[in-house]
Amino acid sequence: MAVVVNKPIPEFDSLATGGVKVSHQSHLGQTLVLYFYPKDNTPGCTTEAMQFRDKYKDFAKAGALVFGVSRDNMKSHDDFKTKLELPFELIADTEEKMCHMFGVVKNKIMYGKKVKGIERSTFLIGPDGFLKQEWRGLKVPGHVEEVLKAVKALKKAA
């Protein structure tokens, strides 16, 4: 089942850094920001993680939890999180279950070869477990501010 704006997110169950379990029901009553990124320790993904880190207190103040999601394993995530001093957890979707559910796995061309990669995307899930907004195929500059604005608008509307 794919994700659809203004519909409940499908069932999922994942493990994040810090031993945190994340599922479609684990954070009901809280606003969730799930940002999918291609790979730990790459330039764009590092910049994006640092921007979420730098605005983390603003997200928390607006009542939102932030989770980064990629196909990297837990060790890679732990190292990435420590290196960048990230205050939020990273979900290791090594089997691509969440990536496929959220429709972020895309065919890309890298160095002239077709590869399966993750399209940088962010999803805003409301306290009711419904998908409120999505950003797909996005560019990093200015994106985190846009998501924060949407989180604040959601809180204001509640």
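**Close-up views of His 143 and the aromatic pairs**

**View 1. Contacts of His 143.** With neighbours within four places in sequence left aside, His 143 is in contact with Glu 48, Thr 122, Trp 135 and Leu 138 (contact: heavy atoms within 4.5 Å). His 143 lies in helix α5, residues 143-157. Helices (H or I, at least four residues) and strands (E, at least two) are DSSP runs, numbered from the N terminus. His 143 counts as buried because its relative accessibility is 3%; buried means under 20% relative accessible area, exposed over 50%, partly exposed in between (1.4 Å probe, protein chains only). This is a predicted model: local features need pLDDT of at least 70, side-chain atom pairs count only at pLDDT 80 or more, and totals for chains, interfaces and linings use all residues. Residues are numbered from 1 along each chain as its sequence is written, and side-chain values use heavy atoms, with hydrogens and water left out.

**View 2. Phe 12 and Phe 102.** The structure holds ten aromatic pairs. Rings of Phe, Tyr and Trp (its six-membered ring) pair if their centres lie within 6.5 Å; planes under 30 degrees apart count as stacked, over 60 as edge-to-face and the rest as tilted. Phe 12 and Phe 102 pair edge-to-face, at 6.5 Å centre to centre and 75° between the planes. This pair links distant parts of the chain, 90 residues apart. Phe 12 is buried at 6% relative accessibility.

**View 3. Phe 102 and Phe 123.** This aromatic pair is tilted: 4.8 Å centre to centre, 55° between the planes. Phe 102 sits in the loop between α4 and β6, Phe 123 in strand β8. Both residues are buried.

**View 4. A ring cluster.** Ring pairs join Tyr 35, Tyr 37, Phe 52, Tyr 56, Phe 59, Phe 80 and Phe 88.
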